[in-house]
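Please look at the sequence and the three-dimensional structure shown below. The paragraphs that follow lead through its helices, sheets and cores in turn.

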Amino acid sequence: MNTLILSIETATTNCSVSLSKNGKPIVLKEDYDNGYSHAERLHVYIDDVLKEAKVDAKDLDAIAISKGPGSYTGLRIGVSAVKGLCYALDKPLISVSTLEALAHQVKCKEGVIVAMLDARRMEVYSAIFDSNYNQIRDTEAQILDEHAFADYLEKGKVYFIGNGVEKTKTLINHPNAIFIEDKLPSANEMSLLAYNKYKKSDTEDVAYFEPYYLKDFVALKPKPKN
């Protein structure tokens with residue numbers, strides 16, 4: 001029996017939608033470069049992916065969402081869309097850690113993977129995984145400095161991935177640091193993670209599910225007009 005899961009990733013500027021069969025992506029549509037315009041593009045991408053796969057939405061087995069951390073607005077848009085689909089289609093909702101999915105873009109035999117997303121100023125949201133993608137340090141909002149991740153760097157290779165890499169590169173100069181640039185979370189890597197959760201019936205309560213913001217949202221005050 002084939003399991004069809006629609007996965008949606010909106011935690012960063014990448015608006016990403018994939019359809020997978022038994023954990024393997026069969027159609028992927030995403031766009032790194034249009035900023036936070038998920039509200040305009042997300043439902044179009046969902047329709048395009050289903051049409052390309054010749055799959056009717058009612059035939060989906062589940063819908064997965066990248067739960068965060070990440071952009072407050074992006075996460076809200078993604079979660080709202082998925083909740084609406086789950087209600088309308090009566091499908092289970094699966095949540096996938098944004099940083100865990102991001103870490104799966106790195107293929108390494110040893111060392112650790114630091115998945116990191118840009119936050120304000122010199123702050124990042126980060127989590128650390130071993131080469132088998134087991135999380136070995138909790139997700140944190142951390143302030144970067146030249147000593148960040150020093151314990152891991154002294155022990156072996158450290159692969160940094162995500163849009164937090166750019167600011168990290170300016171601070172950390174270590175022979176064990178490997179910076180993987182221009183990568184963002186994608187629905188592509190969500191496919192297998194969502195499928196594994198589906199097989200265990202590890203789903204969310206659609207009514208009460210909220211994104212994992214990590215920090216409370218703080219609205220910036222508008223700049224005074226001259």
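The buried residues of helix α6 are Ala187, Glu189, Met190, Ser191, Leu193, Ala194, Tyr195 and Lys197. Here buried means under 20% relative accessible area, exposed means over 50%, and partly exposed lies in between, for a 1.4 Å probe and protein chains only. Helices (H or I, at least four residues) and strands (E, at least two) are DSSP runs, numbered from the N terminus. This is a predicted model, in which local features need pLDDT of at least 70 and side-chain atom pairs count only at pLDDT 80 or more, while totals for chains, interfaces and linings use all residues. Residues are numbered from 1 along each chain as its sequence is written, and side-chain values use heavy atoms, with hydrogens and water left out.

What covers the buried residues of α6? The cover includes β1, β2, β3, β4, β5 and α3 (98-103). Helix α6 has 13 residues and reaches 18 Å from its first C-alpha to its last, close to the 18 Å expected at 1.5 Å a residue; the expected span of a helix is 1.5 Å times one less than its number of residues. At the N-terminal end, Ser186 caps α6, with a side-chain oxygen 3.0 Å from the backbone nitrogen of Asn188. After the helix comes Ser201, whose phi is positive, near 55°.

Two strands pair if DSSP finds at least two bridges between them. Contact means heavy atoms within 4.5 Å.

Cys15 stands opposite Asp31 in β3. The two strands, β2 and β3, form a hairpin with 2 residues between them, and Asn22 in the turn has a positive phi of about 55°.

Helix α2 (residues 72-89) has 18 residues and reaches 26 Å from its first C-alpha to its last, close to the 26 Å expected at 1.5 Å a residue. Its buried residues are Gly74, Leu75, Gly78, Val79, Ala81, Val82, Lys83, Leu85 and Cys86, and what covers them includes β1, α1, β4 and β5. Asp90, with a positive phi near 60°, follows α2.

In soluble globular proteins, nonpolar side chains tend to be buried together. A nonpolar core is a set of buried Ala, Val, Leu, Ile, Met, Phe, Trp, Tyr and Cys residues joined through side-chain atoms within 4.5 Å. The largest such core here has 24 residues, and those with the most contacts inside it are Leu6, Ile8, Val17, Ile46 and Leu60. The elements that give two or more residues to this core are β1, β2, α1, β4 and α2. Not counting residues up to four places away in sequence, Leu60 touches Leu4, Leu6, Leu19, Leu50, Val55 and Lys91. A second, separate core of 14 residues includes Val124, Ala148, Phe149 and Val165.

Another open sheet of 5 strands has the order β8-β7-β6-β9-β10, with mixed pairing. Because β8 and β10 (177-180) stand at the edges with a single partner strand each, one side of each is left without a neighbour in the sheet. Strand β9 (residues 158-161) and β10 pair in the parallel sense over 4 bridges, and Val158 stands opposite Ala177 in β10.

Finally, Ser131 is found in the loop between β7 (123-130) and β8 (135-143). Is Ser131 buried or exposed? Ser131 counts as buried because its relative accessibility is 16%. Leaving aside neighbours within four places in sequence, Ser131 is in contact with Cys108, Lys109, Glu110 and Gly111.

Methods: A polar contact is a pair of N or O atoms within 3.5 Å; within protein, one must be able to donate a hydrogen and the other to accept it, and residues adjacent in sequence count only if both atoms are side-chain atoms.
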